[in-house]
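Open the model in your viewer and keep the selection panel handy. We will go from stop to stop, picking a few residues each time.

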Amino acid sequence: RRPQDHHGGTNTPSVFDPETSTRMPNKPEHTNHQRRPGLRRQAPVDYRGMTGKRNKRPRTVLAAHDRPRGLDGERVLNITVRDALARYGDKAMEGIRKEITQMADGEGGFNVLHPMNFSDLSDTDRKRVLPSHMFLKDKFDAAGNFEKLKARLMTRKDTTETVTYEQTFSPTVSSDSLKIMCAIAARDGMTTATVDFLGAFLNCVMPREGPQTFIRLNKFLTGVMISIDSRFARFAGPSGTMIARLNRALYGCVVAAKHWYELLRKTLEKLGFVRSPADMCMFARQDKVGTTMCSVHVDDVKVFAPNSAIRDALIDDLKTQFPDLKIHIGPELNYLGMTFNYRVPGEVTIEMPAFVEALLAGSETTGKSETPAGNELFDVDESSEPLD
């Protein structure tokens, strides 16, 4: 007989094959073990009274109107791979394969993951192996319209030893700076565009000096990777999982955002931009025609240019280093969940229709009002006690 593990299954190595199934491997059912006679179940420790902390993280459940809408119009949260496959089927699998393809070193890949055998790791590196996680997310524009179903592979940041790194943060443009730039653009009749850097963090090479970062792909993701490139089959362990060293930054790495900001900053400075001393995410370039400005919020950039020729030239320069760019041009643009409208010359309006809709639905507000005050604002209660 084959030896059995603690879940009642066999120890035979296996890798889930995504080509032959759209379902995640079934989790083993846990059985209730009988307690030995004479033993009593101990009451849970009250950590709240001992340390002031709760012994359980409170679970937040959003109301239906707060959840983003799915393909069928129903609102959902970020969803796991298992739920996404059950809910969306081939659309979910397509997003998962696209994300894993970016991790490999083949066509369309960034060579993010360098598979390794666990036996080749030192004892120190084995302790540094981080669990990985994939989730899928419905992407919407500022008006609440569905755009796409995106899968994202990331590390468990909460398990990373942050003390190893001195700085890990990445700045983002302030709302005041962004509004000032928009007002200047409207006043001067500038042309605008938004630039989204697809797979932004994957452009950042992880430093070879210092501690390396290793992640573990679960059985399902290992199967997806092997189905894309069979060369990785030899790195699958007995449990069907795979260990890989990160060659490039991955979402969830504590230093990923910082590395990306530094890379984008150096790229803009090479193109003649100067960072504002008032805001680390405001960049400006002065030439004979006028001033070109950029606001940076991680991998979302808004461009303000004197004319369309300078705007297009800047976008072409960015494409030489970052080929995968998503560009939006026009008098009405979505940026950071807001809609910026420049259709009226000399003016810009900023709206958040999807947020306002959710806010009104959450507060059960109906009808319209000219002012925030209630209808009884100027009613006088003659029976009340006079004021001094």
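Start by selecting Gln286 and Thr291: their side chains are joined by a polar contact of 2.4 Å. (A polar contact is a pair of N or O atoms within 3.5 Å; within protein, one must be able to donate a hydrogen and the other to accept it, and residues adjacent in sequence count only if both atoms are side-chain atoms.) Before going on, note that this is a predicted model, where local features need pLDDT of at least 70 and side-chain atom pairs count only at pLDDT 80 or more, while totals for chains, interfaces and linings use all residues. Residues are numbered from 1 along each chain as its sequence is written, and side-chain values use heavy atoms, with hydrogens and water left out.

Stay on Gln286, which lies in strand E9 (residues 282-286). Helices (H or I, at least four residues) and strands (E, at least two) are DSSP runs, numbered from the N terminus. Is Gln286 buried or exposed? Its relative accessibility is 60%, so Gln286 counts as exposed; the cut-offs are under 20% relative accessible area for buried, over 50% for exposed and partly exposed in between (1.4 Å probe, protein chains only).

Next, select Thr339 in strand E14 (residues 338-341). Thr339 counts as buried because its relative accessibility is 8%.

Now pick Arg265, found in helix H7 (residues 256-270). Arg265 is buried, with a relative accessible area of 16%. Leaving out residues up to four places away in sequence, Arg265 touches Arg275 and Phe283; contact here means heavy atoms within 4.5 Å.

For the next stop, show helix H3 (residues 90-103) with helix H6 (residues 219-228): their axes come within 10 Å and cross at roughly 75°. Axes are lines fitted to C-alpha atoms, for helices over the stretch in contact, and angles run from 0 to 180 degrees between N-to-C directions. H3 and H6 are therefore roughly perpendicular to each other, a label for angles of 65 to 115 degrees. Among the residues making the contact are Met93 and Ile96 of H3 and Phe220 and Leu221 of H6.

Finish with the largest nonpolar core, which has 75 residues; Ile96 and Phe304 are among those with the most contacts inside it. Such a core is a set of buried Ala, Val, Leu, Ile, Met, Phe, Trp, Tyr and Cys residues joined through side-chain atoms within 4.5 Å. A second, separate core of five residues includes Met116, Val129, Phe214 and Ile243.

How values were computed
Angles under 35 degrees count as roughly parallel, over 145 as roughly antiparallel, 65 to 115 as roughly perpendicular and the rest as oblique.
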